[in-house]
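Dear colleague,

Please find below the structure that I am handing over to you. My findings follow directly after it.

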Amino acid sequence: LITTTATPAQMSDGASATANGYIYILGGNTPSTTFYYAKVSGNGSVGSCIASTNSMHSGKTRFTAVTYNGYLYAVGGYSGGYLATVYYSRLNSDGSNGTWQTATNLPTGLGWVRAVAANGYLYALGGAGSDATFYAKINADGSLGALVSTTNKPIASAYSFGATATN
């Protein structure tokens with residue numbers, strides 16, 4: 001691994017995502033509303049981290065982030081208790097983001113949740129607080145339809161695991 005640009009502050013228990021040649025780093029630590037983004041060059045190096053002027057509404061830690069169709073989503077998390085909130089923000093071509101909006105809440109608070117987006121749907125996968133998988137249609141304006149619970153997974157998946165989906 002090659003060392004590249006550092007974040008302006010040490011961050012833990014936050015979330016990250018990528019879209020359109022940018023890396024996004026959100027929340028973490030205390031919990032925090034912090035939001036940074038950086039351009040990734042063609043050779044893999046990362047430009048300077050820029051602090052967004054549009055931070056999340058409230059602090060989160062132990063949550064997940066996912067991008068889909070020009071929007072960034074911050075799903076679940078922890079702030080004195082597990083959070084059911086889902087925030088979303090439009091991503092601009094320069095890497096910056098628009099104002100955060102509140103989407104449809106999860107049916108229950110989820111910490112250490114993981115999410116993916118595929119084929120027009122956002123999926124929240126397990127985490128501390130539930131062993132279910134929830135999904136919702138992603139509308140053209142970035143908002144979410146009603147979250148639906150699917151069949152429970154065979155085992156509870158609290159804390160960390162990974163998932164990736166492409167379409």
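A residue is called buried here when its relative accessible area is under 20%. By that criterion, buried residues make up 46% of the 167 residues in the protein. Please bear in mind that this is a predicted model.

Overall composition

The protein contains 12 strands and zero helices, so that, in the terms of the DSSP assignment, its elements run β-β-β-β-β-β-β-β-β-β-β-β from the N terminus on. Of the contacts with a separation of 6 or more, 45% are between residues 24 or more positions apart.

The four-stranded sheet

Four strands form an open sheet in the order β5-β6-β7-β8, and their pairing is antiparallel. At its edges lie β5 (64–68) and β8 (101–102), each of which pairs on one side only. Strand β7 (residues 86–90) is joined to β8 by two bridges, the two strands running antiparallel. Within this pair, Tyr87 has Thr102 of β8 as its bridge partner.

The nonpolar cores

The largest nonpolar core consists of 21 residues, and those with the most contacts inside it are Tyr73, Val75, Val86, Leu106, Leu122, Ile138 and Leu144. Two or more residues come from each of β5, β6 (71–75), β7, β9 (114–118), β10 (121–125) and β11 (133–137). The most is given by β6, with three residues. There is also a second, separate core, which has 16 residues and includes Tyr22, Tyr24, Tyr37 and Phe63.

Ile138 deserves a separate entry. Apart from its neighbours within four places in sequence, Ile138 is in contact with Tyr68, Tyr73, Ala117, Gly120, Tyr121, Leu122, Ser143 and Leu144.

A buried loop residue

Is Ser52, at 12% relative accessibility, buried or exposed? Ser52 counts as buried because its 12% relative accessibility falls under the 20% limit. Ser52 is located in the loop between β4 (50–51) and β5. Leaving aside neighbours within four places in sequence, the contacts of Ser52 are with Phe35, Tyr37 and Asn97. One of these, Tyr37, is included in the second core.

With kind regards

Terms used:
Residues are numbered from 1 along each chain as its sequence is written. This is a predicted model: local features need pLDDT of at least 70, side-chain atom pairs count only at pLDDT 80 or more; totals for chains, interfaces and linings use all residues. Side-chain values use heavy atoms; hydrogens and water are left out. Two strands pair if DSSP finds at least two bridges between them. Buried means under 20% relative accessible area, exposed over 50%, partly exposed in between (1.4 Å probe, protein chains only). Contact means heavy atoms within 4.5 Å. A nonpolar core is a set of buried Ala, Val, Leu, Ile, Met, Phe, Trp, Tyr and Cys residues joined through side-chain atoms within 4.5 Å.
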